[in-house]
Amino acid sequence: MDDRAVLRSVDLDLVPGITVLRGPNGAGKTTALRALAGLVPLARGTREVPFDVLYIGHRPQLLHGLTPRESLRFFLEFRGPTSRAWATPVKTTAREMREDRIRVACDRWGLAGESDRPIERLSAGQRRRAALARLDLETCALTLLDEPFADLDESGSALLWSWLREARALGVAVLVASHGHADLDAVAVRAYALHEGRVAA
């Protein structure tokens, strides 16, 4: 068993807006985000995060055997109600409102024609879009994005940039881990560099 410490002396102050965590592959970015999401235990130290955290990893966390629509439905029902107001027609039942929200999210992320195809039959970029559609359905106090631009084409990247600008305007706390995309620094309120498990502002 490998007991080596992956992260050491990591202190991140996450505030409303976009925070960037940079570092080369293997620096510990994914472990840091998973630790914040409560998915890996801490050997020591503490984490203080809101109870409602959305973590979207560098691998799309979609349910094989389901379609994007079915996966989004599962995550939405698992998460439960959120506080974000949706500009959609008034429906007569909660189920109709939920399905309308899923449709709107699929349409926005360019999945209108793919939302009922099995996940396994989608391209890598389409799977990434399906994972990112959760951003429109699960509005949380803290959103953790691990290499969110991976596998996205130009139009998909534009959609993600649009969401990031909206999140910044709304004062949502977003932590983006990336080893590239230097243009994120222009919209970030804070940026940290992670190297060999240690972080510096």
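Tutor: Buried means under 20% relative accessible area, exposed over 50%, and partly exposed in between, with a 1.4 Å probe and protein chains only. This is a predicted model, in which local features need pLDDT of at least 70, side-chain atom pairs count only at pLDDT 80 or more, and totals for chains, interfaces and linings use all residues. Residues are numbered from 1 along each chain as its sequence is written, and side-chain values use heavy atoms, with hydrogens and water left out.

The structure holds three aromatic pairs. Rings of Phe, Tyr and Trp (its six-membered ring) pair if their centres lie within 6.5 Å; planes under 30 degrees apart count as stacked, over 60 as edge-to-face and the rest as tilted. The pair of Phe74 and Phe78 is stacked, because the ring centres are 6.2 Å apart and the planes lie at 20°. These two residues are four apart in helix α2 (residues 68–79), and are therefore separated by about one helical turn. Helices (H or I, at least four residues) and strands (E, at least two) are DSSP runs, numbered from the N terminus. Phe74 is partly exposed at 40% relative accessibility, whereas Phe78 is exposed at 69%.

Phe149 and Trp161 form a tilted pair, with 5.7 Å between centres and 45° between planes. Phe149 lies in the loop between β3 (142–146) and α6 (154–170) and Trp161 in helix α6, so the pair ties together parts twelve residues apart in sequence. Both Phe149 and Trp161 are buried.

Ring pairs also link Phe74, Phe75 and Phe78 into a cluster. The charged end of Arg134 sits over the ring of Phe75, 3.8 Å from its centre; this term requires NZ of Lys or CZ of Arg within 6 Å of the ring centre and within 35 degrees of the ring normal.
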